[in-house]
Amino acid sequence: MQISVIGCGYLGATHAAGMAELGYDVLGVELDGAKLAELREGRVPFFEPGLLELLSRHVASGRLRFTSDLQEAADVADVHFLCVGTPQRADTIAADLSHVDAAIDALAPLLNRPCLVVGKSTVPVGTAERLAARLAELAPAGSGAELAWNPEFLREGFAVADTLEPDRLVFGVTAQGPVEVLRNVYSRAVEAGTPVVVTDLQTAELVKVAANAFLATKISFINAMAEVCDLVGADVAQLADAIGHDARIGRKFLNAGIGYGGGCLPKDVRAFQHRAEELGASRTTSLLRDVDAINQQRRAHVVVLALDELEDRPRGRVAVLGAAFKPHSDDIRDSPALWVSAELERRGHHVVVHDPEAIPNARTLFPQLEYAADVEGALDGADLVLHLTEWPVYREIDPAKAAARVGRPRVIDGRNALDVGAWRAAGWSVRSLGRP
Ligand code: UDX
């Protein structure tokens, strides 16, 4: 079986390398010249543990190739995976579908042979049905070119494992044929017992946005509890542990703090809110609006706490630990840490940011901030330390040594991940979110 992967960003590059690992001949299609050049040389244009090794191995063996030519993909592939991005639009909170539409409009007229086009991008419900009609209209192969929707649930930082060993497979289809093709493509996971859920197109589209909306709701729920805990002097971390012991609730995604960021949760919640409003689902719209609002409020709250600590220092020096939207990633899309950093800089403070992986990306988007090559460089002379992305290296900081470097030992733990007892014992004033 020959496979093409259209769009080799985060999702596509990982999926292409994963398909090659499963033994298929894979052709990745990428239009961005700089990205294409890197991929062709077996390099990964972003940081993802384990991906470089996988991708470079299959590029070297010739099983994984990259091109900018859709015609080449149309000529050889039996299955085309559509992995282009659906970012938030600039003018509204809706998803920008221009890349998805452009890919189908460019690919469909080239499809002379029977094939399956499989959407993996996250799209508003109803998109797949529209694309299926477009495919039927434009493809010379006619009904031989079919469409299925197979959402992707990979997490950054665990993308390789999530691709090779997914916890479920969702096949959104309008006929039985594509189910057999997809079972075949994913035969290794299917034989290993991975649950397969076969649905119609609209349910498959909704599964993805509902999953992300649920995760976001869980985080915003615990952050709402953190707000209440702050008002009464309770401890949200203990609360999360205690309710998390109930298997129906579970402890995962109950870490209160600065809120969620990244390239998926924020824009998917907003796009879903927008779509729900279009559909007239008013309660869903207001639920999702509140989830987003609680999340945005957490960042603002950290800024308020920081300004309070810096009241006597109009030009304070602030050390920010962490720039990526979460640890084990260099992704800074909608990063709460950088949002807070930029806000404090805008208010006249001197912000020095450290991150183990994300500094090059952060520097491009936020050139006004200063960046430190190591933790010590960020801490030196700081009036206030903000712990905003919970990389393991920050939990290894010796609070006593850190206290000797800073101007004054004050820290706000925006991720509730530091050992508060140890930091206080070393003379630090520690403020947490939702903890006394
Ligand atoms: C998410 C989904 O998990 C994944 O299934 C989907 O395919 C893409 O979107 P990802 O964006 O990689 O994956 O990040 P995730 O691990 O879900 O974390 C999202 C954000 O939530 C991060 O900013 C993280 O710091 C934050 N978070 C997570 C919390 O604030 N608290 C938690 O308890 C968990």
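Reader: In which helix is Leu231 found, and is Leu231 buried or exposed?

Author: In this predicted model, Leu231 is found in helix 10, which covers residues 201–232. A residue counts as exposed when its relative accessible area is over 50%. The relative accessible area of Leu231 is 71%, so Leu231 is exposed.

Reader: How far apart in space are Leu231 and Gly322?

Author: In sequence, Leu231 and Gly322 are 91 residues apart. From C-alpha to C-alpha, the separation of Leu231 and Gly322 in space is 27 Å.

Reader: Is Gln273 buried or exposed, and which residues does Gln273 touch, not counting those up to four places away in sequence?

Author: Gln273 lies in helix 12, residues 265–279. Buried means under 20% relative accessible area, and Gln273 has 7%, so Gln273 is buried. Leaving aside residues up to four places away in sequence, Gln273 touches Ile93, Thr285, Leu288 and Arg289.

Reader: Which residues does Thr14 touch, not counting those up to four places away in sequence?

Author: Thr14 lies in helix 1, residues 10–21. Its relative accessibility is 1%, and Thr14 therefore counts as buried. Residues up to four places away in sequence not being counted, Thr14 touches Gly9, Phe46, Leu51, Leu154, Ala159, Val160 and Thr163.

Reader: Why do the buried residues of helix 8 lie on the same side of that helix?

Author: Helix 8 spans residues 176–185, and its buried residues are Pro178, Val179, Leu182 and Val185. These residues lie on the same side of helix 8 because the arc that they cover around the axis is only 125°.

Reader: What radius of gyration does the protein have, and what does the globule rule give for 436 residues?

Author: The secondary structure of the protein comprises 19 helices and 14 strands. The radius of gyration is close to the value from the globule rule for 436 residues, so the protein is as compact as a globular protein of that length. The C-alpha trace spans about 70 × 50 × 45 Å along its principal axes.

Reader: What percentage of the residues in the protein is buried?

Author: The accessible surface of the protein comes to about 18400 Å², and 54% of it belongs to carbon and sulfur atoms. Of the 436 residues, the buried ones make up 52%.

Reader: How far apart do the centres of the positive and negative side chains lie?

Author: The protein has 44 positive and 59 negative side chains. The centres of these two sets lie 3 Å apart.

Methods:
Residues numbered from 1 in each chain as written. Predicted model: local features only at pLDDT ≥ 70, side-chain atom pairs only at ≥ 80, totals over all residues. Heavy atoms only, no water. Helix = DSSP H or I, 4+ residues; strand = E, 2+ residues; numbered from the N terminus. Rg over C-alpha atoms; globule rule 2.2 N^0.38 Å. Buried < 20%, exposed > 50% of the residue type's maximum accessible area, 1.4 Å probe, protein only. Areas by Shrake-Rupley, 256 points an atom, 1.4 Å probe, with all protein chains shown as cover. Lys, Arg positive; Asp, Glu negative; His and termini not counted. Charge placed at Lys NZ, Arg CZ, Asp CG, Glu CD. Arc of directions from axis to C-beta. Contact = heavy atoms within 4.5 Å.
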